[in-house]
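Q: I have a model to go through with you. Can we take it piece by piece?

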Amino acid sequence: MAINLTTYNQVLQQLAPYNAKLVAVSKTKPVADIEALYQQGQRIFGENYVQELTEKQPVLPADIEWHFIGHLQSNKVKYIAGFVSMVHAVDSFKLLAEINKQAIKNNRVINCLLQLHIAEEETKFGLDEGELIQLLDSWQQQQQEFSGIRIAGLMAMATNTSNETQIRKEFHQLQEIFVKVKERYFASQDYFKERSTGMSADYQIALEEGSTMVRIGSLLFGERNYNK
Ligand SMILES: *Cc1c(COP(=O)(O)O)cnc(C)c1O
């Protein structure tokens with residue numbers, strides 16, 4: 001079995017004082033690995049690929065909370081809208097509107113996180129602060145039509161670097177934007193509370209900088225065979 005249970009329990013212990021949640025990132029990993037962690041009590045699993053998720057979901061326990069953490073194309077929302085609990089990487093108004101539409105069709109409310117671009121790398125998806133404000137203004141103007149989604153917080157990925165100062169600075173930046181957005185748009189909405197930051201290599205820094213949800217894959221399931 002590829003699951004590292006000692007590490008799993010260690011991670012849970014590290015999260016506890018922060019009251020943070022663990023998203024176990026199971027992309028590219030077999031159903032058996034997910035079942036093994038499920039048996040330990042893990043309920044939140046994260047996947048990046050629509051096809052892979054739609055294959056795994058029906059054969060696994062119904063009380064798993066599926067989080068879609070990868071880049072999601074609008075035309076694929078319909079395949080996961082019937083069961084997905086949270087979409088982490090919403091980076092356009094168009095995508096938010098499509099998730100809303102498909103959620104309403106399914107008589108559901110889907111939690112969404114807005115993805116911020118905080119890393120130095122050009123290639124990473126996400127909104128800059130100005131684009132985030134624009135998106136939220138549009139959403140606010142049409143709020144009564146958005147009954148299928150709940151904006152539950154922000155998500156970001158730090159630069160892939162061993163420079164801890166750099167990573168900390170980026171997570172700190174996300175935290176500052178979170179506070180601003182909370183005050184301006186969600187002051188009285190308790191559900192706007194999540195900061196989805198931190199992966200295997202940097203989750204400890206993320207926790208220190210305000211993360212409420214860490215997304216950990218390789219540390220729990222072992223290295224992925226191909227770079228997806
Ligand atoms: C794959 C992935 C993770 C998990 O990465 P690890 O380094 O394996 O922990 C977290 N977040 C996103 C968005 C991912 O794509």
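Q: Where does Asn19 lie?
A: Asn19 lies in the loop between α1 (5-15) and β1 (21-25). Helices here are DSSP runs of H or I with at least four residues, strands are runs of E with at least two, and both are numbered from the N terminus. The model is predicted, so local features need pLDDT of at least 70 and side-chain atom pairs count only at pLDDT 80 or more, while totals for chains, interfaces and linings use all residues. Residues are numbered from 1 along each chain as its sequence is written, and side-chain values use heavy atoms, with hydrogens and water left out.

Q: What is the phi of Asn19?
A: Positive, about 55°, although Asn19 is not a glycine.

Q: Is Asn19 buried or exposed?
A: Exposed, with a relative accessible area of 70%. Buried means under 20% relative accessible area, exposed over 50%, and partly exposed in between, with a 1.4 Å probe and protein chains only.

Q: And Asn107, where is that?
A: In the loop between α5 and β5. Asn107 has a positive phi of about 60° and is not a glycine. Asn107 is exposed, with a relative accessible area of 74%.

Q: On to α6. How many residues does α6 have?
A: α6 spans residues 129-141 and has 13 residues. From first C-alpha to last, α6 reaches 19 Å, close to the 18 Å expected at 1.5 Å a residue. The expected span is 1.5 Å times one less than the number of residues.

Q: Which residues of α6 are buried?
A: Leu132, Ile133, Leu135, Leu136 and Trp139. They cover an arc of only 165° around the axis, which puts them on the same side of α6. The arc is that of the directions from the helix axis to the C-beta atoms.

Q: Why do residues three or four places apart point the same way?
A: An α-helix has 3.6 residues a turn, so they do.

Q: What covers the buried residues of α6?
A: The cover includes α5 (93-105), β5 (110-117), β6 (149-157) and α7 (164-185). Contact means heavy atoms within 4.5 Å. The face turned away from the buried side carries the exposed residues Gln134 and Gln141.

Q: What happens at the start of α6?
A: A side-chain oxygen of Asp128 reaches to within 3.1 Å of the backbone nitrogen of Gly130.

Q: Is Asp137 buried, exposed or partly exposed?
A: Partly exposed, at 26% relative accessible area. Asp137 is found in α6.

Q: What is Asp137 in contact with?
A: Arg184 and Tyr185, leaving aside neighbours within four places in sequence.

Q: Now α7. How many residues there?
A: α7 has 22 residues. α7 reaches 31 Å from its first C-alpha to its last, close to the 32 Å expected at 1.5 Å a residue.

Q: What do the buried residues of α7 pack against?
A: β5, α6, β6, β7 (194-196) and α8 (203-208). Among the buried residues of α7 are Phe171, Leu174, Phe178 and Tyr185.

Q: Which strand does Glu194 lie in?
A: Strand β7. Glu194 counts as buried, at 5% relative accessibility.

Q: Which side chain does the side chain of Glu194 make a polar contact with?
A: That of Lys21, at 3.0 Å. A polar contact is a pair of N or O atoms within 3.5 Å; within protein, one must be able to donate a hydrogen and the other to accept it, and residues adjacent in sequence count only if both atoms are side-chain atoms. Beyond four places in sequence, Glu194 is also in contact with residues including Met86, Leu113 and Phe178.

Q: Switching to the ligand. How many residues surround the ligand?
A: 13 residues, and the closest are Lys27, Asn48, Ser200, Ser218 and Arg224. A residue counts as near if one of its heavy atoms lies within 4 Å.

Q: Which distances do you have for the ligand oxygens?
A: An oxygen atom of the ligand is 2.7 Å from a side-chain N or O atom of Lys27. For the side chain of Ser200, the distance from a ligand oxygen to an N or O atom is 2.5 Å. A backbone N or O atom of Ser218 lies 2.8 Å from a ligand oxygen.

Q: How much of the ligand does the protein cover?
A: 90% of the 390 Å² of accessible area that the ligand has on its own. Accessible areas come from the Shrake-Rupley method with a 1.4 Å probe; for residues, only the protein chains shown count as cover.
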